[in-house]
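Please walk through this model from the overall fold to single residues. The text below follows that order.

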Amino acid sequence: MVDVRYDIAFQLYPYEKVPAQDQPAQRHPVVVVGGGPIGMAAALDLGRKGTPVLVLDDHAGVGQGSRAICFSKRTLEIAERLGTGQAMADKGVVWNVGKVFHGPDKVFEFNLLPEAGHRFPAFINLQQPYFEKFIVDEIRVAQSQGAPIEIRGQNAVTGVERHTDHVVLTVDTPDGPYRVEADWLIACDGARSPIRDMMGLTFDGRVFEDNFLIADVKMTAEFPTERWFWFEPPFKGAGQSALLHKQPDDIWRIDFQLGWDIDRKAELDPVKIRARVDAMLETQTGQAPEYELEWTSIYTFQCRRMERFRHGRVLFAGDAAHQVSPFGARGANSGIQDTDNLAWKLDLVIRGLAPESLLDTYSAERVHGADENILNSSRATDFLTPKSEISKVFRNAVLGLARKHAFARPLVNSGRLSVPCVYDDMPLNGPDAQDGPERTRVGAPCADAPLDQGFLLDRLPGRFTVLAINTPAPEVTEVDGIPVGKLELSTARHDPTGAVAERYLGGQDSAVYLIRPDQHVAARWQSCDADTLRSALGTAIGKGAEA
Amino acid sequence: MSLNLTPNIADPDGFYDELLAAHQGLSKSESDALNARLVLVLANHVGDREVLREALEAARDE
């Protein structure tokens, strides 16, 4: 039996019996457990590199409910490397203006003022089911082009047996259980990760005693495409804070912070939800416009992570590895950065081109990312929900001052929106010897920039690349079997807006960047020879200690 | 720059008067709110995180 835990928005991989179910356990190089956005992105990334992946999901498609709605530029860039970022951006809603209210009064408004010269906007709002569907659609495209990816729906993992060099899974299906062997297992099975529980691993952190009610409403009334956030909202029964944010298809996300001691069942009564939504909309429009309730849910959250994300042959990614509050859009966005970090490393290890220890750097780098997200998300939560009388006094003092004085506005924290993680001081980092801009320092993800044709990130397609600006790239096309791409740019010819010079040269005349397959900077110099480059690439694949 | 803990306010009695006057007629919670705003305004004026850290330390160490 395979339990149905949620309703399906898009049925994308209905159960089909496969011959393996009647045969002795078959060995797969990689099995991904969990077909959410993170698992599917991992499968797509590995499959596009030619590494066979089997995805096991206990449902037949994408679950209903908007859930994650805010996707960052970095996520779109990663998705575009995988082939589907533009589809997401085209469907998504772009927003720049946010308004912050305290009670009935507007405290201030902000504009994200996105920097020009990037293919993608700073953020889009998009319901998670679309995000997931676009990735699965792209997997279908990749499969048709020969990518070795297989998805098995309604295959629920019920047992994990760990061995030194592989894992054996027991998988339940509508036709009964069978066994699957995996050289490597990627667990993307969500915050309640059954794999983590079956392995007896801890998931410690901080519980926030609060309940948030989500109401997605569909209305065609004209509302500006802005993010509105209320501290201590003036409308009846709204709770401690409220959020209004637009999604595609005329859907509006409304969030109410209800506090800890609530009757969940009563609060989910549509009559009660409608009363709240009416009260909110009436403050803006006089009379509440017509709307339909699309999806409602009550959630609580925790900020926590696993101690490490690699346990032998099992790698944890996404919510299974770390969980944050929703403020700041750091859940799905950080999960996508996990797979971006993991896929190329696992691919090299499976091909025997990098030591297994490279996978420990996946854990180190993404634990660093998770800690950054947990810190930001905990701080936002403490501002939203002051935990003591005096913290509330300070919170309201900040809001009071922010109405009049610009200095207090940066202290207002309704969620610090996700920015990509920089892998500062990590073991794979090579020399930072260019004296260049801080934003493209070693460890940082490459900033996009318009070229004479297309954008820079289009030219960094998931393999090691040497980016040489105003100087020749060393003559290196591979290092110990690892292909190295070359991108030579001249700011005179290829940099129509000056963004390449500004973002990569700083005040210098030239630069050579070694860029990892996940588009993070591995090393940079003003110029460099082949031996220097080879050595940095060795460091970047975890051979540094052996060299 | 480090935190100045030597006398630095001209006419200290006058300043003290103004500080108390600002709280005149306020309830306890209004006074708490005023103090919080004052801390934030002054902290921003100082700006220097190291100095602010020293100030927090000095204030804690009664």
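Chain A has 13 helices and 27 strands, where helices (H or I, at least four residues) and strands (E, at least two) are DSSP runs numbered from the N terminus. The model is predicted: local features need pLDDT of at least 70 and side-chain atom pairs count only at pLDDT 80 or more, while totals for chains, interfaces and linings use all residues. Residues are numbered from 1 along each chain as its sequence is written, and chains are lettered from A and ligands numbered from 1 in the order in which they are written.

Along the principal axes, the C-alpha atoms of chain A fill a box of roughly 70 × 65 × 40 Å. The radius of gyration of chain A is 24 Å, which agrees with the value near 24 Å for a compact globule of 547 residues; the radius is taken over C-alpha atoms, and the globule rule is 2.2 Å times the number of residues to the power 0.38. Of the 547 residues in chain A, 50% are buried. A residue is buried if 20 or more other C-beta atoms lie within 10 Å of its own, exposed if 12 or fewer, and partly exposed in between, with C-beta atoms placed from the backbone. Among contacts in chain A between residues at least 6 apart in sequence, 72% join residues at least 24 apart; a contact requires C-beta atoms, placed from the backbone, within 7 Å.

One open sheet of chain A has three strands in the order β5-β9-β6, with antiparallel pairing. Its edge strands are β5 (70-72) and β6 (93-94), each of which pairs on one side only. Two strands pair if DSSP finds at least two bridges between them, and three bridges join β5(A) to β9 (residues 123-125) of chain A. A:Phe71 stands opposite A:Ile124 in β9(A).

Helix α7 of chain A comprises the 16 residues 270-285. Which residues of α7(A) are buried? They are A:Arg276, A:Val277, A:Met280 and A:Leu281. These residues cover an arc of only 120° around the axis, so they sit on the same side of α7(A); the arc is that of the directions from the helix axis to the C-beta atoms. An α-helix has 3.6 residues a turn, so residues three or four places apart point the same way. The cover over the buried residues of α7(A) includes β14 (204-218), β16 and β17 of chain A. After α7(A) comes A:Gly286, with a positive phi near 80°.

Most residues other than glycine have a negative phi. A:Asp249 is not a glycine, yet has a positive phi of about 65°. A:Asp249 lies in the loop between β16 (241-247) and β17 (251-259) of chain A, and is exposed, with 11 other C-beta atoms within 10 Å. A:Asp435 also has a positive phi, near 60°. This residue is in the loop between β22 (432-433) and β23 (464-469) of chain A, and counts as partly exposed because it has 13 C-beta neighbours inside 10 Å.

In strand β25 (residues 482-489) of chain A is A:Lys486, partly exposed with 14 other C-beta atoms within 10 Å. Leaving out residues up to four places away in sequence, A:Lys486 touches A:Val466 and A:Ala473.

Finally, six residues of chain B are in contact with nine residues of chain A.

How values were computed. Contact = placed C-beta atoms within 7 Å. Expected span 1.5 Å × (residues − 1).
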